[in-house]
Amino acid sequence: MSNPLEHLNWRYATKKYDTTKKLSAEQLHLITEALRLAPSSFGLQPWKFIHVTSPELRAQLSAAAWGQPQVTEASDLFVLCSMNALDDAHIDRQVASAAKARGVEPEVLAGYSQMMKGSVAARAAILGEWNARQVYIALGVALTVAAENQIDASPMEGFDPQKFDEILGLAQLGVTSRVILALGFRSSEDKDQSVPRARFAKEDVIIEK
């Protein structure tokens, strides 16, 4: 049995990628499914994940990320985005999807639907922040799956979100960029891979009550 702690100790925020190595179709499928299957509050999935394959777009995004090499050198690049709004139509879609998966009519979930709509309405003033938090759950799942499959990854917030949104036309999609996820395979020249992992001791972060 594989050891998840070994995988988590193996990973690091890769700074320099081997540009000759690319994710296989199977590896890319693992990552996209990890993002798609990630948990979210009420299962509402208030996100879109932009897989940027165009070299021209990646060059533009690199400029908006202060030239960080991961943006253009990693095998694959995702921009994780949160939805700007959650309307009743979106909730109805989720309810219809859940009903189909469970083999019941949507009316059976009417009470749950109304509860979700009320909860979302109550969060109207903080909805953008709430949706953004869901995106980071998906990021964590994707990073874990990547580590388990020895795929290197770089979670990155060092970019200009407004410029990213403009370059990718995200306003038309009703979403806002939140975090970048670069994926690929570390270069032997990346010195960061040999830097000892620095984490606080268990006693400093785990509180027993």
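**Exercise 1. Find the bridge partner of S82 in β4.**

Step 1. Locate the strands. Helices (H or I, at least four residues) and strands (E, at least two) are DSSP runs, numbered from the N terminus. Strand β2 covers residues 76–83, and strand β4 covers residues 175–184.

Step 2. Check the pairing. Two strands pair if DSSP finds at least two bridges between them. β2 and β4 have eight bridges, in the antiparallel sense.

Step 3. Read off the partner. S82 is bridged to T176 in β4. L80 has its bridge partner in β4 too, namely V179.

A note on the model. It is predicted: local features need pLDDT of at least 70, side-chain atom pairs count only at pLDDT 80 or more, and totals for chains, interfaces and linings use all residues. Residues are numbered from 1 along each chain as its sequence is written, and side-chain values use heavy atoms, with hydrogens and water left out.

**Exercise 2. State the strand order of the sheet, and name its edge strands.**

Step 1. Strands of a sheet pair through backbone hydrogen bonds, either parallel or antiparallel.

Step 2. Give the order. The open sheet has four strands, ordered β1-β2-β4-β3, with antiparallel pairing.

Step 3. Pick the edges. β1 (47–52) and β3 (152–156) each pair on one side only.

Step 4. From one strand to the next, it averages 25°. Axes here are lines fitted to C-alpha atoms, for helices over the stretch in contact, and angles run from 0 to 180 degrees between N-to-C directions.

Step 5. Look at the β3 side. β3 and β4 run antiparallel, joined by five bridges. A153 stands opposite L183 in β4.

Step 6. Ask how covered β4 is. Buried means under 20% relative accessible area, exposed over 50%, partly exposed in between (1.4 Å probe, protein chains only). Nine of the ten residues of β4 are buried.

**Exercise 3. Describe how α2 sits against the sheet and against α7.**

Step 1. Start with the sheet. Helix α2 (residues 25–37) lies across β1, β2 and β4. Its direction is at about 10° to β2.

Step 2. Turn to α7 (residues 127–148). The axes of α2 and α7 come within 8 Å and cross at roughly 150°.

Step 3. Classify the angle. Under 35 degrees counts as roughly parallel, over 145 as roughly antiparallel, 65 to 115 as roughly perpendicular and the rest as oblique. α2 and α7 are therefore roughly antiparallel to each other.

Step 4. A crossing is left-handed if the near helix is turned anticlockwise from the far one by less than a right angle, and right-handed if clockwise. The α2 and α7 crossing is right-handed.

Step 5. List the residues that meet. Contact means heavy atoms within 4.5 Å. From α2 come L30, I31, A34 and L35; from α7 come A138, V141, A142, V145 and A146.

**Exercise 4. Which residues of α3 are buried?**

Step 1. Name them. In helix α3 (residues 55–63), they are R58, L61 and S62.

Step 2. Identify the cover. It includes β1, α4 (70–73), β2 and α8 (161–168).

**Exercise 5. Compare two loop residues, T14 and P106.**

Step 1. Place each one. T14 lies in the loop between α1 (4–10) and α2. P106 is in the loop between α5 (88–102) and α6 (110–122).

Step 2. T14 has a relative accessible area of 0%, so T14 is buried. P106 has 34%, so P106 is partly exposed.

Step 3. List contacts, leaving aside neighbours within four places in sequence. T14 touches Q70, D152, A153, S154, R186 and D190. P106 touches V95 and A99.

Step 4. P106 and A96 are ten residues apart along the chain, and their C-alpha atoms are separated by 5.6 Å.

**Exercise 6. Summarise the whole chain.**

Step 1. Count elements. There are nine helices and four strands.

Step 2. The C-alpha trace spans about 60 × 45 × 35 Å along its principal axes.

Step 3. Of the 209 residues, 41% count as buried.
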